[in-house]
Amino acid sequence: MPELRAVHGDITTLEVDAIVNAANNTLLGGGGVDGAIHRAAGQQLLQACRKLGGCHTGEARLTPGFELPARYVIHTVGPVFKDGTRGEPDLLRACYRHSLELAQQHDLKSIAFPAISTGAYRYPPLQAARIAVDEVSSALVDMPSLETVIFCCFSERHLEIYEKLLEPLNA
Ligand code: ADP
């Protein structure tokens, strides 16, 4: 079983095969982690994203990482949280699963996720983290090439949530 780890910090600094971007449907950049990734990767990332022609919620697309330490960026679009009854959990699950599938297809060994949808898209952090950990740990069973999955937490609060959820898995 690959290693699942939570770290506190800025995802743009991580030296992994791929970092995941919590993008929007246009893939043309935005605020939060998306803005940080585009700033750190440079203009070429926007040019590469323009060619993709957008992305539906729950799907994922891959580009190079350009000036990032990460080799690739996997762009996925999380759901906007309304009340949890509009398909949000399944769409959030799909983001994690499709991102991992792309990583597996490209033979990547390490990937880092931000807490998709928990910023501007207002997904409650604990509910989102439960979905993230559950989906990643079940998807990885069929993905032997992946060795390390990092949950990159931008706040101490998120880090505590992930550490509690990962504890039983790493025991
Ligand atoms: P969304 O629109 O999917 O909610 P946001 O970027 O607004 O995306 O927020 C998603 C999560 O990413 C939030 O928990 C936010 O705190 C976190 N975040 C913002 N900047 C960074 C960064 N540089 N590295 C890692 N996580 C970040």
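Student: Which helix does His98 lie in?
Tutor: His98 sits in helix H3, residues 88-105. Keep in mind that this is a predicted model.

Student: Why is His98 called partly exposed?
Tutor: Its relative accessibility is 31%. Buried means under 20% and exposed means over 50%, so at 31% His98 falls in between and counts as partly exposed.

Student: What does His98 touch, leaving aside its neighbours within four places in sequence?
Tutor: Gly58, Glu59 and Ala60. Contact here means heavy atoms within 4.5 Å.

Student: What makes S1 and S3 edge strands?
Tutor: Look at the sheet order first: S1-S6-S5-S2-S4-S3, an open sheet of six strands with mixed pairing. Strand S1 (3-8) and strand S3 (60-64) each pair on one side only, and those are the edge strands. From one strand to the next, the twist averages 25°.

Student: How do you know that S2 and S4 pair?
Tutor: Pairing takes at least two bridges, and strand S2 (residues 18-23) has six with strand S4 (residues 72-77), in the parallel sense. So that pair meets the cut-off. Ile19 stands opposite Val73 in S4, and H1 lies across both S2 and S4, at about 130° to S2.

Student: What does H1 use to meet H2?
Tutor: Ile37, His38 and Ala41 in H1 meet Leu45, Leu46 and Cys49 in H2. The residues of that contact divide into five nonpolar, one polar and no charged. The two helices pack at an angle of about 115°, with axes 5 Å apart.

Definitions and conventions:
Residues numbered from 1 in each chain as written. Predicted model: local features only at pLDDT ≥ 70, side-chain atom pairs only at ≥ 80, totals over all residues. Heavy atoms only, no water. Axes fitted to C-alpha atoms, helices over the stretch in contact; angles between N-to-C directions. Helix = DSSP H or I, 4+ residues; strand = E, 2+ residues; numbered from the N terminus. Nonpolar A, V, L, I, M, F, W, Y, C, P; charged D, E, K, R; others polar. Buried < 20%, exposed > 50% of the residue type's maximum accessible area, 1.4 Å probe, protein only.
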